[in-house]
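Subject: Handover of a structure for your review

Dear colleague,

Please find below the structure that I am passing on to you. My notes on what was found in it follow directly after it.

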Amino acid sequence: MKWFPLLLLLGLACCTAEKNTYRLTKNYVPDNRPLFDTIARLDSLFFGYYNTCETNLDKYAALVSDSLEFYHDQGGLMTSKPAFIEATRKNICGKVTREVVKGSLEVYPINDYGAVEMGLHKFHNNTQPPGTPSHASRFVIIWKREADGWKIRRVVSLH
């Protein structure tokens with residue numbers, strides 16, 4: 001009988017969950033607005049270079065740490081920055097663009113290290129007709145503040 005309230009809550013959570021639908025975190029307010037603005041700007045720059053990597057691959061690469069760890073739910077783990085950049089050149093440039101889901105970014109400080117950014121984004125296959133639907137997926141980026149500026153150190157990309 002003492003487990004009944006826990007089981008009831010678990011059952012309600014399972015029954016009310018929406019499959020394949022991502023909701024934005026309710027009432028997110030940045031703990032550190034200047035940090036949020038910095039990371040949001042860096043995200044915009046990085047993926048602006050990603051979306052135009054035919055001409056901006058060097059700028060794109062400059063924001064990636066030499067100690068990159070890229071975790072992809074379908075592709076696995078990649079720990080080589082040169083391999084990561086080459087995979088982008090070969091598989092992304094001119095073929096795929098990324099769009100952040102408006103209002104989905106959250107940024108949290110990591111004391112004496114940098115910041116964690118999470119949110120939702122969509123990828124568009126540029127070989128498909130314009131307006132082809134794309135679903136939102138979650139991502140997490142760990143930004144490290146290095147001597148020469150902010151760098152992407154770890155990425156978790158889920159689809």
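C53 is buried in this predicted model, its relative accessible area being 2%. C93 also counts as buried, at 13% relative accessibility. These two cysteines form a disulfide, with 2.0 Å between their sulfur atoms. A disulfide is a covalent bond between the sulfur atoms of two cysteines. The count for the structure comes to one disulfide. The link of C53 and C93 is left-handed, with -140° about the S-S bond. C53 belongs to helix α3 (residues 53-62), while C93 sits in the loop between α4 and β3 (96-100), so the pair ties together parts that are 40 residues apart in sequence.

Overall architecture

The protein chain has four helices and seven strands. Along the sequence these follow the pattern α-α-α-β-β-α-β-β-β-β-β. Of the 159 residues in the protein chain, 35% count as buried.

A buried aspartate may also be of interest to you. D43 is part of helix α2, and D43 is buried, with a relative accessible area of 3%. Between the C-alpha atoms of D43 and L63 the separation is 9.8 Å, the two residues being 20 residues apart along the chain.

Strands β4 and β5

Strand β4 (residues 106-110) runs antiparallel to β5, and five bridges join the two. Within this pairing, V107 has E117 in β5 as its bridge partner. The two strands form a hairpin with three residues between them. In the turn, D112 has a positive phi of about 60°.

Salt bridges

How many salt bridges does the structure hold? There are seven in the structure, and I describe some of them here.

K81 forms a salt bridge with D66, and the closest N and O atoms of this pair are 3.4 Å apart. K81 lies in helix α4 and D66 in strand β1, so this pair ties together parts that are 15 residues apart in sequence.

R153 and E69 meet through their side chains in another salt bridge, at 3.9 Å from N to O. Here R153 lies in strand β7 and E69 in strand β1, so the pair ties together parts that are 84 residues apart in sequence. Both R153 and E69 are buried.

K151 forms a salt bridge with D148, where the closest N and O atoms are 3.4 Å apart. K151 counts as buried at 10% relative accessibility, while D148 counts as exposed at 57%. Elsewhere, salt bridges that share partners join E69, R153 and R154 into one network.

The largest pocket

The largest pocket holds about 800 Å³ of space. Its lining is made up of 37 residues, and those that lie nearest the centre of the pocket are Y50, H72, I92, F123 and H159. The elements that give two or more residues to this lining are α2 (33-51), β1 (64-72), β2 (76-78), α4 (81-91), β5 (114-125), β6 (137-146) and β7 (149-157).

Which element gives the most to the lining of the largest pocket? That element is β5, with five residues.

Points to inspect together

Strand β1 is among the elements that give two or more residues to the pocket lining, and D66 of β1 pairs with K81 of α4. Likewise, E69 of β1 pairs with R153 of β7, and β7 is also among the elements that give two or more residues to the lining. Strand β5 both lines the pocket with five residues and is joined by five bridges to β4.

Yours sincerely

Note on methods. Residues are numbered from 1 along each chain as its sequence is written. This is a predicted model: local features need pLDDT of at least 70, side-chain atom pairs count only at pLDDT 80 or more; totals for chains, interfaces and linings use all residues. Side-chain values use heavy atoms; hydrogens and water are left out. On a 1 Å grid over the protein atoms alone, a cavity is a set of points where a 1.4 Å probe fits but cannot get out, and a pocket is an open set with protein on both sides within 12 Å along at least five of seven lines; lining residues have an atom within 4 Å of a point. Grid points are joined across faces, edges and corners, and a volume is the space filled by probe spheres set on the points. A disulfide is a pair of cysteine sulfur atoms within 2.5 Å. Buried means under 20% relative accessible area, exposed over 50%, partly exposed in between (1.4 Å probe, protein chains only). A salt bridge is a side-chain nitrogen of Lys or Arg within 4 Å of a carboxyl oxygen of Asp or Glu. Two strands pair if DSSP finds at least two bridges between them.
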